[in-house]
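Before going through the points below, please have the sequence and the model open side by side.

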Amino acid sequence: MKKRILIVNSGGDCPGMNAVIRAIVKRAHQESDWEIIGSINGFDGILSEPLEIIRLTEKRVEGIHPQGGTILTTNNTRNPYNYPVVQKDGSIKNEDVSDKLIYNLKVFGFDAVIHIGGNESHKISLKLYQKGVNIVGIPKTINNDLAITDYSFGFQTAAQVATEAVDKLITTARSHNRVLILEVMGRDAGWIALHAAIAGGANVCLIPEIPFNMEKVVKKLTSKYSTYGRGYANIVVAEGAHFKDGDGKIIQGSIARKIAAKLKEINFEADVRETILGHLQRGGSPIAFDRILATELGVKAFELVKEKKFGTMAIHKNSELSQISLEKVINQYNKVELSHNLIHTAKGIGISFGD
Ligand code: F6P
């Protein structure tokens with residue numbers, strides 16, 4: 001009887017998820033006694049009746065590594081500890097169904113679970129491990145906000161997409177003597193904004209880690225215009241960025257519009273337009289860097305299962321492949337430190353952080 005691994009991916013999708021799934025399958029097929037099964041739509045697949053699972057063969061994963069998204073589909077709401085259950089009267093009530101999950105894993109002969117997810121997902125991984133599940137985690141998120149790994153796959157592709165957007169917006173800002181504001185993702189971290197601002201050549205970069213002062217932003221923008229109103233400027237703002245006196249709540253597409261409104265309120269000398277990049281940073285084909293990182297982590301995660309190193313997460317740290325216990329992952333966020341060299345570099349080329 002072959003040993004069986006269940007792959008569960010949960011949380012937001014990101015470029016590279018198919019590459020990591022493919023790597024797990026291909027590495028397992030280097031051995032003779034392993035079978036890889038995928039759970040459809042996060043934990044739904046292993047919890048539904050009948051199960052919604054798919055046998056992942058080398059044939060099935062052939063050529064999926066350049067494809068965006070995940071062939072297993074995913075979701076960021078179905079937590080087995082707080083899972084929507086249809087009641088007898090047809091209403092929905094959230095319940096802890098982790099016992100059912102563990103029962104199904106046993107009954108259907110799964111020896112281990114590889115869980116691909118972000119910080120919230122791995123809080124679930126840890127709880128399941130503490131409940132006896134043989135689980136190994138793989139970090140993924142475009143936000144790059146997981147402290148335990150040099151990079152999480154998906155981030156570099158998102159930064160590339162955001163950079164290309166800055167490149168395009170600079171040309172139209174210049175053509176119209178306008179201020180163009182680009183809002184990017186990142187949740188509570190400013191990594192995507194910081195990378196895109198430097199790589200794209202923005203004048204202002206606003207990130208959650210540095211609450212900004214609108215007067216300082218206006219001062220920078222004004223310096224980009226001549227007395228005849230000729231000039232242009234580009235702002236890259238992370239969705240979690242906020243005014244010094246702001247509330248820090250993230251409502252996608254709101255901070256860019258708030259900044260534009262403030263500029264219009266003070267009759268700033270130039271026209272202002274805003275672009276919300278949104279899920280263009282999440283979809284699409286991973287760049288080579290993320291395909292390689294995802295492949296490395298997939299191979300490593302399988303080997304952690306084979307070595308029975310459960311309760312760990314495969315990581316890429318200081319250019320080495322390694323693992324870390326799940327306890328050390330939880331609530332360890334990778335925020336942009338004000339002392340980070342990229343902050344110094346950005347300031348060195350005149351980018352304003354509104355501080
Ligand atoms: O965590 C990744 C992320 O893309 C965040 O950057 C973003 O705010 C959020 O997910 C969007 O979530 P959803 O796909 O549910 O809109």
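1. The expected span of a helix is taken as 1.5 Å times one less than its number of residues. With this rule in hand, and bearing in mind that the model is a predicted one, consider helix α10, which covers residues 288-306.

2. Which residues of α10 are buried? They are D290, L293, A294, L297, G298, K300, A301, F302, L304 and V305. As background to the spacing in such a list, an α-helix has 3.6 residues a turn, so residues three or four places apart point the same way. After the helix comes K308, whose phi is positive, near 60°.

3. Leaving aside residues up to four places away in sequence, F289 touches Y151 and Q156. For orientation, F289 and R60 are separated by 229 residues in sequence, while their C-alpha atoms lie 23 Å apart in space.

4. Two packed helices are described by the angle between their axes and the distance between the axes. For helix α6 (residues 155-176) and helix α7 (residues 191-200), the angle is about 45° and the axes are 8 Å apart. That angle makes α6 oblique to α7, and the crossing of these two helices is right-handed. On the α6 side the contact is made by F155, A158, A159, A162, T163, V166, D167 and I170, and on the α7 side by W191, I192, H195, A196, A199 and G200. Sorted by class, the residues in the contact of α6 with α7 are 10 nonpolar, 3 polar and 1 charged.

5. How do α7 and helix α11 (residues 341-348) pack, in angle and in distance between axes? The angle is about 35° and the axes are 10 Å apart, with a crossing that is left-handed. Here L194, H195 and I198 of α7 meet L342, I343 and A346 of α11, and the residues of this contact divide into 5 nonpolar, 1 polar and no charged.

Terms used. Residues are numbered from 1 along each chain as its sequence is written. This is a predicted model: local features need pLDDT of at least 70, side-chain atom pairs count only at pLDDT 80 or more; totals for chains, interfaces and linings use all residues. Side-chain values use heavy atoms; hydrogens and water are left out. Helices (H or I, at least four residues) and strands (E, at least two) are DSSP runs, numbered from the N terminus. Buried means under 20% relative accessible area, exposed over 50%, partly exposed in between (1.4 Å probe, protein chains only). Axes are lines fitted to C-alpha atoms, for helices over the stretch in contact, and angles run from 0 to 180 degrees between N-to-C directions. Angles under 35 degrees count as roughly parallel, over 145 as roughly antiparallel, 65 to 115 as roughly perpendicular and the rest as oblique. A crossing is left-handed if the near helix is turned anticlockwise from the far one by less than a right angle, and right-handed if clockwise. Contact means heavy atoms within 4.5 Å. Ala, Val, Leu, Ile, Met, Phe, Trp, Tyr, Cys and Pro count as nonpolar, Asp, Glu, Lys and Arg as charged, and the others, Gly among them, as polar.
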